Amino acid sequence: MSEDNLQMVVVQTVNSGVLHVYVQGNLEERGGKTIILTVHDIGTNHKSFVRFVNHPSMAAVKEKAIFLHVCVPGQEDNSADFFGDFPTLDGIGDDLNAVLDKFEVKSAIAFGEGVGANIICRFAMGHPNRIMGIILVHCTSTTAGIIEYCKEKVMNMRLENSIMSDGAWDYLLAHKFGGESKSRQEYLEELKATLNPKNLSKYLVAFTKRTDLSSTIGTKLETVDALLVTGSKASHLHTVYTTHKSMNKKKTTLLVVDNVADVMQEAPDKLARSLILLCKGCGVLSGVAIPGMERQRTLSSSMEEADRPRRMSVTQPHLPPVPSA
């Protein structure tokens, strides 16, 4: 067990080689508990989800759930160089099936952020019977736009040689923070001190080579309860709108949190509340109280209602217009 009381389990897979899964919660008490499978964004690892789960607003969920935090190959702190062909996002998504098999889990709530949300999406589309519901934070379902593609092409020429150029570091900062943030330099220093840059470049290349999901996501996830989450200052805002536009509106909730870019770090309480509501809608975590719900009932016509997912799409007004494709 680590300092966070995590148990690391090695899972052998077809596409990704070995996946390290960090278990948060006691597997011996799994009877009656909800399993939540997570996949992290680029420029971080499983620890971003561990921090979120440890937030006070998630305390009741933590008691009733067991989290399986999947670490993308080579993204562990101070990892050795990854050798061989790095898996595609589709390959990693497919390998999540093996993770659930390893833990003898029939179905789970699946939760991803950024590139991890894209991977969760692919898993859910390929194996909808293993999914109770999905939570997608800053999910991109399209390929790169033309401007992004040109920047990525130049960046990839160096990334293909496992070199994180200045442009690649800038890309990661924009990916995480959108505009300016006081945390940018601190994040960059921690990133360079903990993650293997060669392995990080491989994950970034896999993301830039992603295939389009938007044309099939609505059909393949037609019966899956989904929560899409973004911040109004996030660089991913419009790509999340595009993803939402492609999905079944009766099954999909959109939560846009005002004045934040990084929802998991900046608005964990709002995300936790939405997560609990999504889970309740899927028939799990029924005994978990919803923080702030009593107050919301008395403010039923207020703006705070916009933070509460329902069985329909929820958005906040006064957001920038979505550009046409």
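Two strands pair if DSSP finds at least two bridges between them, where strands (E, at least two residues) and helices (H or I, at least four) are DSSP runs numbered from the N terminus. This is a predicted model, in which local features need pLDDT of at least 70, side-chain atom pairs count only at pLDDT 80 or more, and totals for chains, interfaces and linings use all residues. Residues are numbered from 1 along each chain as its sequence is written, and side-chain values use heavy atoms, with hydrogens and water left out.

**Exercise 1.** Determine in which sense strand β5 pairs with β6, and over how many bridges.

Solution. Strand β5 (residues 108-113) runs parallel to β6, and the pairing extends over 6 bridges. Within this pairing, Glu113 has Val137 of β6 as its bridge partner. As for burial (under 20% relative accessible area, with a 1.4 Å probe and protein chains only), 6 of the 7 residues of β6 (residues 131-137) are buried.

**Exercise 2.** Describe how the axes of helix α3 and helix α4 cross.

Solution. The axes, which are lines fitted to C-alpha atoms over the stretch in contact, with angles from 0 to 180 degrees between N-to-C directions, come within 8 Å for α3 (residues 89-102) and α4 (residues 115-126) and cross at roughly 65°. The two helices are therefore roughly perpendicular (65 to 115 degrees) to each other. Contact means heavy atoms within 4.5 Å; among the residues that make it are Leu96 and Leu100 of α3 and Ile119 and Phe123 of α4.

How values were computed
Parallel < 35°, antiparallel > 145°, perpendicular 65-115°, else oblique. Buried < 20%, exposed > 50% of the residue type's maximum accessible area, 1.4 Å probe, protein only.
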